[in-house]
Amino acid sequence: MQAEALDAAIREALPEAAVLTAQPAPVSTDWAIDLLHRLYGLSGQLEPLSGERDANFLFTPSHGGRRCMFKLSHPDEPLVVTDFQTQALLHMAVSDSALPVQRLVPDQQGRHAVTVSDAQGRSRVARLFSYLEGLPMPQSPRSGPQRRSVARMLARMDQALSGLVHPAAQQELPWDIQRAERVRPLLQHVPDRQRRALAEAALDGFERRAKPQLSNLRRQPIHNDFNLYNLLVAPGDVTQVSGILDFGDMVHAPLVNDVAVAASYHLDQETDPLMTMATFATDYHAKSPLTSDETAVLLDLVRARLAMVVAISGWRAARQPENAAYLMRNNAVSWARLAACADLQADQVQAAVHAACRVSKDTHD
């Protein structure tokens, strides 16, 4: 009964997270092959791919040609949210045609997304994407040049997304730092009292300093999950980002939130967290200048994101033990990152960013 009461409290505090705990909704490969042929007139081999919510397949044509990814959205995902991702890719294809993101392949009627009913009668959105070749970034060594490439590619992508207007901007979506404080009830799944206090302190700082300022900051659609697992590098040059994946966590939010999310994944025990945040923001700034108001809240946004990662992953793993290894893959390192920046101050980070930006400007003048 106590667990049920806790789940009820969580559903009330974070209703948009329901899709995160939805059961997988796979489809048979044979059914997907038939659908692909009916919609796109294509024949070939489909190989199931892993996916957090969607049913994904790698398509290899029978008679040669480019490989593609066939994706069927989860039936619990609102259609407006799926369309947000679709329209973002179409928008970027026009605003920056060379940006290394997947491209949507139209069906035989020219549609880039088609709502279908699966074998159980559930509505799903079918889309065919170009397949990006490359080496997943976690399989390559970290380096300063690689981190610089990540920051500048993020800035370029954000510029390409600017100007996109979509009804999903009004949706409350999971993983949105703007509502980070809503994950507090999930921290009850953290048994370690010191760790729980660490995450609660991060949420306290976010609520006290950053959240009141968010309405004053520049807003637009953002990727919102620019982590290493969503990036590819070229095998011949692992310092350069060659592909950007997974727009499934997109939100309409303050632009600096995208910087905070991405920067949070580059904090580690081998580097100074203060300088890592400062140099990442500086490299982003070189491509897309940040304002003083944005750098003032950067630290609290980074810490809030990390608190969300440990809270949501721990909660989901407790509810889905069969998938715990995947859900917890970033948990331990996120706790370490949260601890590494626990003693930093917001003005200290802002001063380091501004100093690094001045040095960068002087170096390139």
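Reading the terms in a predicted model

Mentor: Histidine 63 sits in the loop between β2 (55-61) and β3 (68-72). Helices here are DSSP runs of H or I with at least four residues, strands are runs of E with at least two, and both are numbered from the N terminus. This is a predicted model, in which local features need pLDDT of at least 70 and side-chain atom pairs count only at pLDDT 80 or more, while totals for chains, interfaces and linings use all residues. Residues are numbered from 1 along each chain as its sequence is written, and side-chain values use heavy atoms, with hydrogens and water left out.

Trainee: Why is histidine 63 called exposed?

Mentor: Exposed means over 50% relative accessible area, buried means under 20%, and partly exposed is in between, with a 1.4 Å probe and protein chains only. Histidine 63 has 81% relative accessibility, so it counts as exposed.

Trainee: What makes glutamine 109 buried or exposed?

Mentor: Its relative accessible area is 63%, so glutamine 109 is exposed. Glutamine 109 is in the loop between β4 (104-105) and β5 (114-117). Leucine 39 is 70 residues away from glutamine 109 in sequence, with 8.1 Å between the C-alpha atoms.

Trainee: Is arginine 305 buried or exposed, and what makes it so?

Mentor: Arginine 305 has 2% relative accessibility, so it counts as buried. Arginine 305 lies in helix α9. Leaving out residues up to four places away in sequence, arginine 305 touches Trp175, Ile177, Asn224, Asp225, Val261, Ser264 and Tyr265; contact means heavy atoms within 4.5 Å.

Trainee: How do you know how α9 is oriented to α11?

Mentor: Two packed helices are described by the angle between their axes and the distance between the axes. Axes are lines fitted to C-alpha atoms, for helices over the stretch in contact, and angles run from 0 to 180 degrees between N-to-C directions. Helix α9 (residues 298-319) and helix α11 (residues 331-340) pack at about 150 degrees, with axes 9 Å apart. That angle makes α9 roughly antiparallel to α11, as angles over 145 degrees count as roughly antiparallel, under 35 as roughly parallel, 65 to 115 as roughly perpendicular and the rest as oblique.

Trainee: What residues make up this contact by class?

Mentor: The contact of α9 with α11 has six nonpolar, four polar and two charged residues. Ala, Val, Leu, Ile, Met, Phe, Trp, Tyr, Cys and Pro count as nonpolar, Asp, Glu, Lys and Arg as charged, and the others, Gly among them, as polar.

Trainee: What makes α6 oblique to α9?

Mentor: The axes of helix α6 (residues 255-264) and α9 come within 8 Å and cross at roughly 60 degrees. That angle makes α6 oblique to α9. On the α6 side the contact is made by Val256, Asn257, Val259, Ala260, Val261 and Ser264, and on the α9 side by Leu298, Leu301, Val302, Arg305 and Leu306.
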